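Let's walk through this one together, asking at each step what backs up the label. Here it is for you to look at.

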Amino acid sequence: MTERYVIEISGEHYGLLVQENRHFVFHATHPAVVQLDQSIFKTLRAAVHAVKQAIAVRAA
């Protein structure tokens, strides 16, 4: 069974993380993180960190 995780930060949905074997693929649902769409991450934590960084860069 494939695991899926919604990435939500401060009540805002940014994307869906889908586990595929030993990695996670990010599917962006928010324009602020579209540059991360289809990115591959080794961990859930790494994906959340990348989303937070993308949000911070866009806000600056």
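Q: Which residues of α1 are called buried?

A: In this predicted model, the buried residues of α1 are Ala47, Ala50, Val51 and Ala54. The label requires under 20% relative accessible area, so each of these four falls below that cut-off.

Q: What makes the buried residues of α1 line one face of the helix?

A: Looking down the axis of α1, you find its buried residues within an arc of 100 degrees, so they line one face.

Q: How do you know what span to expect of α1?

A: Helix α1 covers residues 44-59, which is 16 residues.

Q: What do the buried residues of α1 pack against?

A: They pack against β1 (4-9), β2 (12-20), β3 (23-28) and β4 (40-41). The helix lies across these strands, running at about 35 degrees to β1.

Q: Why are β1 and β4 called edge strands?

A: The open sheet has the order β1-β2-β3-β4, with antiparallel pairing. Each of β1 and β4 pairs on one side only.

Q: How do you know that β1 and β2 pair?

A: Pairing needs at least two bridges, and β1 and β2 have six in the antiparallel sense, so they qualify. Tyr5 stands opposite Leu17 in β2.

Terms used. Residues numbered from 1 in each chain as written. Predicted model: local features only at pLDDT ≥ 70, side-chain atom pairs only at ≥ 80, totals over all residues. Heavy atoms only, no water. Expected span 1.5 Å × (residues − 1). Buried < 20%, exposed > 50% of the residue type's maximum accessible area, 1.4 Å probe, protein only. Arc of directions from axis to C-beta. Contact = heavy atoms within 4.5 Å. Axes fitted to C-alpha atoms, helices over the stretch in contact; angles between N-to-C directions.
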